[in-house]
Amino acid sequence: MPIGRGLRTLSISTVAAMGVALGLVFFYAPIEAEEGFLQKIFYLHVPLAIVSLCGFVLGGLMAIAHLRTRDQRWDLRSYVTIHMSLILGVVVLLTGAIWARGSWGHWWVWSEPTLVSFLIVMLLYATYQPLRFAIEDPERQARYASVFAITAGAFVPMNFLAVRLSSSYLHPRVLGSSSNLPPPMALTFGVSLGAMALLFATLCSYELAAKRTRILLKSSSRILGYR
Amino acid sequence: MNSLAATLPQGTGSGYVAAAYIVFFAIVLIYVAIMAIRLSRVERDVRELHARAGQPPQQPPQPAARPGDVGEPQLAEQPQLGARPRRQDETHGQTPEPHTPVRERETV
């Protein structure tokens, strides 16, 4: 498959989806009764958190594919997915802190399981790259990174479940039986989630295309004898 | 800008909302800028490779062939893109192995 195929379509779709999502957030979704205008952060923070956590799990699944097939492309995909999830995770932490400050009056609440569990996940994945690049042998590096990605990827849903079962309900619950979003808000949330997923896919595709181009370039220079 | 600010509801945390969205777009923008820098580096390497590929290969002076000599020409080791040339003492006086084109593994 040619490098960067479909990137233009993906990019245009992402920009369009982001535009529609922003339009819905600021001009269609009603102002929430309790939090008021501040609740608009919800349409950014929560979809980003969901996409980021799903990215970590996806990275684990790709790592399984790598260990099963020994195909280095799966390792590359797993690496890029986790890398991108980490970037989005940083945005989640920052927007969450801003929302917490506006809503609760504190930048961070250590007694809130949702915040702390997300921080734990982020700290766990922050060790992924140092671990990976501490190993010089590419074969071993890919294998160890895949094992890490699978273990950490399994930890993410368990962590999510543990938080759900916890008793504290300071942090608003979005998905689940207690969710009672009115239809305009639910629609806006759905579109925002789709837009964030598209953004994630686009950034991953760009990163993959860049990495593959560099690999191809190295290979070409080697074939031509410029090694 | 002032008219836009006037449309925002006052005293309902609009500053926090603006801050959150600005942080998001700023990080995405920084990431895209980093990608652009990396792309320009790749483009520069491609140009360099293209320029080198257009030149005739640099070969060391061959000893004059005697009548009846038959054999494969030795591949001269070419420097890597952007790498300094290796000195003779770094190769421990041995002739470097000719490179065989192999498929590059997709490693990070």
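Q: Where does A:Leu22 lie?
A: A:Leu22 lies in helix H1 of chain A. Helices are DSSP runs of H or I with at least four residues, strands are runs of E with at least two, and both are numbered from the N terminus.

Q: What kind of model is this, and how is the numbering done?
A: This is a predicted model, in which local features need pLDDT of at least 70 and side-chain atom pairs count only at pLDDT 80 or more, while totals for chains, interfaces and linings use all residues. Residues are numbered from 1 along each chain as its sequence is written, and chains are lettered from A and ligands numbered from 1 in the order in which they are written.

Q: Back to A:Leu22: how many other C-beta atoms are within 10 Å?
A: There are 18, so A:Leu22 is partly exposed. A residue is buried with 20 or more other C-beta atoms within 10 Å of its own, exposed with 12 or fewer, and partly exposed in between, the C-beta atoms being placed from the backbone.

Q: How far apart in space are A:Leu22 and A:Ala195?
A: Their C-alpha atoms are 9.6 Å apart, although 173 residues separate A:Leu22 from A:Ala195 in sequence.

Q: At what angle do H1(A) and H7(A) pack?
A: The angle between H1(A) and H7(A) is about 150°, and their axes are 8 Å apart. That makes H1(A) roughly antiparallel to H7(A). The residues of this contact divide into 18 nonpolar, 8 polar and no charged. Axes are lines fitted to C-alpha atoms, for helices over the stretch in contact, and angles run from 0 to 180 degrees between N-to-C directions. Angles under 35 degrees count as roughly parallel, over 145 as roughly antiparallel, 65 to 115 as roughly perpendicular, and the rest as oblique.

Q: Now the overall picture: how many helices and strands are in chain A?
A: Chain A has 7 helices and 0 strands. Along the sequence, the pattern of chain A is α-α-α-α-α-α-α. The C-alpha atoms of chain A fill a box of roughly 70 × 35 × 30 Å, taken along the principal axes.

Q: And what about chain B?
A: Chain B has 2 helices and 0 strands. Of its 108 residues, 6% count as buried; in chain A, 37% of the 227 residues do.

Q: What share of the contacts in chain A with a separation of 6 or more involves residues 24 or more positions apart?
A: That share is 79%. Two residues are in contact if their C-beta atoms, placed from the backbone, lie within 7 Å.

Q: How many residues are in the largest nonpolar core?
A: The largest nonpolar core has 56 residues, and those with the most contacts inside it are A:Ile41, A:Leu48 and B:Ala20. Among the elements that give two or more residues to this core are helix H1 (7-28) and helix H3 (72-104) of chain A, together with helix H2 (14-54) of chain B. Such a core is a set of buried Ala, Val, Leu, Ile, Met, Phe, Trp, Tyr and Cys residues joined through C-beta atoms within 7 Å.

Q: What does A:Leu48 touch?
A: Not counting residues up to four places away in sequence, A:Leu48 touches A:Leu88, A:Val91, A:Val92, A:Thr95 and A:Met196.

Q: Which residues of H2(A) and H7(A) meet?
A: In H2(A), they are A:Tyr43, A:Pro47, A:Leu48, A:Ile50, A:Val51 and A:Gly55; in H7(A), they are A:Thr188, A:Phe189, A:Ser192, A:Leu193, A:Met196, A:Ala197 and A:Phe200. By class, this contact has 10 nonpolar, 3 polar and no charged residues. Ala, Val, Leu, Ile, Met, Phe, Trp, Tyr, Cys and Pro count as nonpolar, Asp, Glu, Lys and Arg as charged, and the others, Gly among them, as polar.

Q: How are those two helices placed?
A: H2(A) and H7(A) pack at an angle of about 45°, with their axes 9 Å apart. They are therefore oblique to each other.

Q: And H2(A) with H6(A), at what angle do they pack?
A: Helix H2 (residues 42-69) and helix H6 (residues 138-165) of chain A pack at about 140°, with their axes 8 Å apart. H2(A) and H6(A) are therefore oblique to each other. Their contact residues divide into 15 nonpolar, 5 polar and no charged.

Q: Where is A:Arg70 found?
A: A:Arg70 is in the loop between H2 and H3 of chain A. A:Arg70 has a positive phi of about 60° although it is not a glycine. With 13 C-beta neighbours inside 10 Å, A:Arg70 counts as partly exposed.
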